[in-house]
Amino acid sequence: MRPILLIISILSILSNVPAQTPAEHVKAIQDDARVKKAFDYLDQNHDQILREWIAITEINAPSKQEQERAKFIESLLRKHNLDIRYDSAGNLIATRKGSGGGPVAVFDAHMDTVFQPGLKIKATVRDGRVYAPGVGDDTRNIEALLATIRALDAAKIKTKGDLVFLFTTDEEAGMTGARQYTKDNKGKVDYYIALDGGYEGFTYAGIGITWYRHHFIGPGGHTRSRTPPYSATLPMARAIARIYELKVPTNPSSNLNIGMLGGSEVVNAKADDAWFSLDLRSTSNEVIADLEKKIAAILDEEAKREGMTVKTDVISSSPAAVLPGNRESHLVKIAEAVHRAMGFDPPIGNAGSNNSSAALLQGIPSISTGAGPCNDAHALTENCEIEPFYWGIKKILLLELALAGLAQ
Ligand SMILES: [Zn+2]
């Protein structure tokens, strides 16, 4: 290496060494006059934020049917100086270019909801809360991103790195939107922040999730046909009772749920196919594999006892997403400093279950957090507190700037 190049590279290394601690870095941004202006803008526009939040919420967007909602969000983004495009998965991507020399920070909020197509959604506001299916998961975070874009523009803030606002499809049904985006953009993204749920804290790793449908297949028959053979619901019931007796560890954090059942189509027939769903989760892939083995053995034993067979369909599977060293990474330290600067004592967890996992599985540093406290996700009674949401939006704005860097 020639001396001049050596000097340049040493200088560039030195300039990349953060002279400040994460807390100092965040404080300097928080104290910047432009950032105060952006916060003031948010304070002056509460009503507009609430109205827009409700308008987006009232466009139902079941997984894989996000187009109408995406078009509406796009129309709002078009009012700003952003590069806007869709990708092959239907994700809506809006890039706010930086001045250069900073990292690329992607902020994701998913557009899809879990409610049935055609559901008419009408939000109501009472006692400081807004009620509507989907208002929290994940429309609050869509609105948070839109509000930060407006606040950044109003305060004429430029960042060093690009801010990418990513409105993803199909999070609820298998994260195919985020999987596609992170696969396409691997190597081009420095930080991936999935805004999904959350308010006070954040997560830096993803829980592994496998969904199964287990079937017991038997001979069936009329109620009055000779018994045994029984309805296939009998081994199913016995198996479920035994599965719930299995020890499911709390550390590493793990869960098991049997939520759906099916059998015969009519009352007066024995089921020839009795099935149940199983949702198995753990931050350890070994725990999932171990429980899977034990459950398979129970199913086999109970089927044999009644002379029946077992068929297992894996509906979806996503492994635990753990990036070595992520807990001590720049991203996690900055996120922690931002939360503290906003007055939170953030719970930091490793059992997230959202688009952040898709990024981590591609090796992209990622966390997940959110902009406001909500209840009853995935239920028709879903609701969010309104007042803390404005504070949560400021937290997201500060996180955007702390990661992408303020340009002069
Ligand atoms: Zn969600």
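Trainee: Is strand S9 mostly enclosed or open?
Mentor: Strand S9 (residues 208-217) has 7 of its 10 residues buried, so the rest of the structure largely encloses it. Strands (E, at least two residues) and helices (H or I, at least four) are DSSP runs, numbered from the N terminus. A residue is buried if 20 or more other C-beta atoms lie within 10 Å of its own, exposed if 12 or fewer, and partly exposed in between, with C-beta atoms placed from the backbone.

Trainee: Before we continue, what kind of model is this?
Mentor: This is a predicted model, in which local features need pLDDT of at least 70 and side-chain atom pairs count only at pLDDT 80 or more, while totals for chains, interfaces and linings use all residues. Residues are numbered from 1 along each chain as its sequence is written.

Trainee: Back to S9, then. Which strands pair with S9?
Mentor: Strand S14 (residues 273-282) pairs with S9 in the antiparallel sense over 10 bridges, with Arg213 opposite Ser277. Strand S15 (residues 309-318) also pairs with S9 in the antiparallel sense, over 9 bridges, and there Trp211 stands opposite Ser316. Pairing requires that DSSP finds at least two bridges between two strands.

Trainee: How is the protein divided into domains?
Mentor: The domain assignment gives domain 1 (19-206 + 321-404) and domain 2 (208-318); such bounds come from an automatic or database assignment. Taken over C-alpha atoms, the centres of the two domains are 38 Å apart. Their contact takes 7 residues from domain 1 and 5 residues from domain 2, where contact requires C-beta atoms, placed from the backbone, within 7 Å.

Trainee: What about Ile334, buried or exposed?
Mentor: Ile334 is buried, with 22 other C-beta atoms within 10 Å, and it lies in helix H10 (residues 330-341). Beyond neighbours within four places in sequence, Ile334 is in contact with Pro22, Ala402 and Leu403. Ile334 and Leu399 are 65 residues apart in sequence, yet 7.7 Å apart in space, C-alpha to C-alpha.

Trainee: A new topic: in what order do the strands of the open sheet run?
Mentor: The order is S4-S5-S19-S18, 4 strands with antiparallel pairing. S4 (124-126) and S18 (374-375) stand at the edges with a single partner strand each, so one side of each has no neighbour in the sheet.

Trainee: Which helix packs on that sheet?
Mentor: Helix H6 does, touching S5, S18 and S19 (383-385), and its direction makes about 45° with that of S19. The angle is taken between N-to-C directions, from 0 to 180 degrees, using lines fitted to C-alpha atoms, for helices over the stretch in contact. Of the 20 residues of H6 (residues 135-154), 17 are buried, so the helix is largely enclosed by the rest of the structure.

How values were computed: Contact = placed C-beta atoms within 7 Å.
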